[in-house]
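Here is a short briefing on one protein model. Look at the sequence and the structure first, then read the points below.

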Amino acid sequence: MNMEKKYRILYERGTIAKLATRFGVTDATVRLALRFVTEGEQPDLIRQVALREYGCVLQRKPITILKKGGRP
């Protein structure tokens with residue numbers, strides 16, 4: 001069993017649409033950026049602006065990584 005930290009950014013209702021409009025991208029692009037699914041300059045900027053200007057919060061969630069075919 002391996003413990004790892006997974007990050008995501010928590011946001012209030014309406015924040016996704018505001019960020020999407022501001023950056024000229026789709027809601028899905030913003031959601032993926034805030035869940036740290038995507039990497040690069042644009043997702044980094046979306047996360048930075050969300051945290052600094054939109055009152056979003058970074059959450060660190062411990063997760064358990066199971067070995068293939070095994071149990072914890």
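Predicted model: local features only at pLDDT ≥ 70, side-chain atom pairs only at ≥ 80, totals over all residues.

Tyr 7 is partly exposed, with 35% relative accessible area.

**The aromatic pair**

- A pair of aromatic rings is described by how far apart the centres are and by the angle of the planes.
- Searching the whole structure gives one aromatic pair.
- Its members are Tyr 7 and Phe 36, with 6.1 Å from centre to centre and 50° between the planes, and the pair is tilted.

**Thr 15**

- Thr 15 is found in helix α1, which covers residues 15–23.
- Is Thr 15 buried or exposed? Its relative accessible area is 7%, so Thr 15 is buried, the cut-off being under 20%.
- When neighbours within four places in sequence are left aside, Thr 15 has contacts with Tyr 54 and Cys 56.

**Helices α2 and α3**

- Two packed helices are described by the distance between their axes and the angle between them.
- For α2 and α3, the axes come within 9 Å and cross at roughly 80°.
- Helix α2 is therefore roughly perpendicular to α3, a term that applies from 65 to 115 degrees.
- On the α2 side, the contact is made by Thr 29, Val 30, Ala 33 and Leu 34; on the α3 side, by Gln 42, Pro 43, Ile 46, Arg 47 and Ala 50.
- Of the residues in the contact of α2 with α3, six are nonpolar, two are polar and one is charged.

**The whole protein**

- The protein has three helices and two strands.
- Read from the N terminus, the order of its elements is β-α-α-α-β.
- The protein has 72 residues, and 22% of them are buried.
- Of the contacts between residues at least 6 apart in sequence, 61% join residues at least 24 apart.
- The accessible surface is about 5600 Å², and carbon and sulfur atoms account for 50% of this surface.

Methods: Residues numbered from 1 in each chain as written. Heavy atoms only, no water. Phe/Tyr/Trp six-rings, centres within 6.5 Å; stacked < 30°, edge-to-face > 60°. Buried < 20%, exposed > 50% of the residue type's maximum accessible area, 1.4 Å probe, protein only. Helix = DSSP H or I, 4+ residues; strand = E, 2+ residues; numbered from the N terminus. Contact = heavy atoms within 4.5 Å. Axes fitted to C-alpha atoms, helices over the stretch in contact; angles between N-to-C directions. Parallel < 35°, antiparallel > 145°, perpendicular 65-115°, else oblique. Nonpolar A, V, L, I, M, F, W, Y, C, P; charged D, E, K, R; others polar. Areas by Shrake-Rupley, 256 points an atom, 1.4 Å probe, with all protein chains shown as cover.
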